[in-house]
Amino acid sequence: MKSRHAYLDTEEQLNRQIAEHCLPEFAIAIMDVNDLKKVNDTTGHKAGDQYLRDACKIICNVFKHSPVFRVGGDEFAVIARNEDYLRIEELLGKMKDHNTDAIRSGGIVIACGMAKYENDASVALVFERADRNMYEDKKRLKAEQENN
């Protein structure tokens, strides 16, 4: 697990490649851990910290070949390149399968959104698309959880 600062360094490197017209192949997946506030409020911050560590393990086990960054309190970013970039849809399918099981069993649900670099002017634009997609997934997952 890498820090927000490490994410910003990686973003800067990718932005340089974009500016130099190297056109890197990458995708960004944004993950948001559902119900952290509820865990903190009902079982305490120590349990919330463990909840986040467990979520990190889930994300890192799916994206084994990509750096995973904690970019916010309960928000993570993955920059998928090379093998993980080529398999991004499959990896997102694994996250979806995990969430389906987690909703049934009361496990950790992790909303996920992804966007690929498509000759964007900056990495921030890819991040924004991924973030919007993550919020759509979060709404869908919340509705699913309420119906279970």
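# Salt bridges, sheet and helix packing

At a relative accessible area of 40%, glutamate 83 counts as partly exposed. In this classification, a residue is buried under 20% relative accessible area, exposed over 50%, and partly exposed in between, with a 1.4 Å probe and protein chains only. The structure is a predicted model, in which local features need pLDDT of at least 70 and side-chain atom pairs count only at pLDDT 80 or more, whereas totals for chains, interfaces and linings use all residues. Residues are numbered from 1 along each chain as its sequence is written, and side-chain values use heavy atoms, with hydrogens and water left out.

**Salt bridges**

Side chains of opposite charge can pair when their charged atoms come close. A salt bridge is defined here as a side-chain nitrogen of Lys or Arg within 4 Å of a carboxyl oxygen of Asp or Glu. By this rule, the model has 12 salt bridges. The table presents three of these pairs.

| Residue | Partner | Distance between closest N and O atoms |
|---|---|---|
| Arginine 16 | Glutamate 12 | 3.1 Å |
| Arginine 87 | Glutamate 83 | 3.5 Å |
| Aspartate 137 | Arginine 140 | 2.6 Å |

Glutamate 83 belongs to a network of salt bridges that links Glu83, Arg87 and Glu90.

Helices (H or I, at least four residues) and strands (E, at least two) are DSSP runs, numbered from the N terminus. Arginine 16 is partly exposed at 43%, and glutamate 12 is partly exposed at 47%.

Aspartate 137 and arginine 140 lie three residues apart in helix 6 (residues 123-147), about one turn of the helix. Aspartate 137 is buried, at 12% relative accessibility, whereas arginine 140 is partly exposed at 35%.

Four strands form an open antiparallel sheet in the order 2-3-1-4. Strand 2 (68-70) and strand 4 (110-116) are the edge strands, each pairing on one side only. Two strands pair if DSSP finds at least two bridges between them. Neighbouring strands are turned by 20 degrees against each other on average, direction ignored.

Strand 1 (residues 27-33) pairs with strand 4 in the antiparallel sense over seven bridges. Along this pairing, alanine 27 stands opposite lysine 116, and valine 33 has isoleucine 110 as its bridge partner. Strand 1 also pairs with strand 3 (residues 75-80) in the antiparallel sense, over six bridges. There, isoleucine 30 has alanine 77 as its bridge partner.

In a regular strand the side chains alternate between the two faces of the sheet. In strand 1, Ala27, Ala29, Met31 and Val33 point one way, while Ile28, Ile30 and Asp32 point the other way. Seven of the seven residues of strand 1 are buried, so the strand is largely enclosed by the rest of the structure.

**Packing of two helices**

Two packed helices are described by the angle between their axes and the distance between the axes. Helix 3 (residues 45-62) and helix 5 (residues 88-105) pack at an angle of about 145 degrees, with axes 9 Å apart. Here axes are lines fitted to C-alpha atoms, for helices over the stretch in contact, and angles run from 0 to 180 degrees between N-to-C directions.

Ile58, Ile59 and Val62 of helix 3 make the contact with Leu91, Lys94, Met95 and His98 of helix 5. Contact means heavy atoms within 4.5 Å.
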